[in-house]
Amino acid sequence: MRLSGGGFFAAFDWTSRRGTVASPLNLTPIDLLLKVIYMQLLLRERACFIHGCAVEREGRGYLFFGPSGSGKSTLARTAGGAVLADELVIVKRGVERRPSYSLYGTPFWGGLNRRAPLTGLFALRFHPDASSLAPLSRVQALRRLLPCLGGFGAPRSDDARLFEWASILVRDQRCHEICRSVRSEPWDWFYAVAA
């Protein structure tokens, strides 16, 4: 893989997993390059980046996802658990006969270097009046999840792999929509229902 433009040059060899980067003092292209490389490598390991917030509480991992402005960072500050990541979360499928998933923080993007078993997927939506939790069908969950997958400009040939990975994830995991209101309510109600 070779990328260049605006004084930036990068080359990466997938076989040896080695590369070279030449860049002006601008970390944005390097950040994007690392995300593309990691995404490709993660897909080969039954894993994927998700733009979301992962919280661990009492040994369980909860993945909250949604578009920018849906409240992921606010949730990370108020959820009452260890925040594994509040920007990019790695979700990895295990190899056991019964499907299991783990959440991983991304320490190089502000998360913790920890993992937690995934308990459920929660699509975030802001609501001005009240908080609620409602189940999502697989189709609804997939529609909400796909825009949050960390493709980051990955080659179009991987679109099918991303879609397949997300389809399997929503098939295997409980999916809910969580609405959060402006009021700063305790999270005990959520963990009691979601556990």
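Modeller: Let's go with Arg144, which sits in helix α3 (residues 138-145); helices here are DSSP runs of H or I with at least four residues, strands are runs of E with at least two, and both are numbered from the N terminus. Keep in mind that this is a predicted model, where local features need pLDDT of at least 70 and side-chain atom pairs count only at pLDDT 80 or more, while totals for chains, interfaces and linings use all residues. Residues are numbered from 1 along each chain as its sequence is written, and side-chain values use heavy atoms, with hydrogens and water left out.

Skipping residues up to four places away in sequence, Arg144 touches Phe65, Ala123, Leu124, Arg125 and Glu177, where contact means heavy atoms within 4.5 Å. Gly66 is 78 residues from Arg144 in sequence, yet their C-alpha atoms are 7.2 Å apart.

Now for the partner. The side chains of Arg144 and Glu177 make a polar contact of 2.7 Å; that term covers a pair of N or O atoms within 3.5 Å, and within protein one must be able to donate a hydrogen and the other to accept it, with residues adjacent in sequence counting only if both atoms are side-chain atoms. Glu177 belongs to strand β11 (residues 175-180). Glu177 counts as buried because its relative accessibility is 14%. Setting aside neighbours within four places in sequence, Glu177 is in contact with Ala123, Arg125, Ser132, Leu133, Ala134, Leu136 and Arg144.

Zooming out, the chain has five helices and eleven strands, and 44% of its 195 residues count as buried. Of the contacts between residues at least 6 apart in sequence, 64% join residues at least 24 apart.

On confidence, the chain's average pLDDT (the predictor's confidence in each residue, from 0 to 100) is 82, and 87% of the residues score at least 70. Among the elements, the lowest mean, 63, belongs to helix α5 (residues 188-194), and the highest, 96, to strand β8 (residues 101-104).

Terms used:
Buried < 20%, exposed > 50% of the residue type's maximum accessible area, 1.4 Å probe, protein only.
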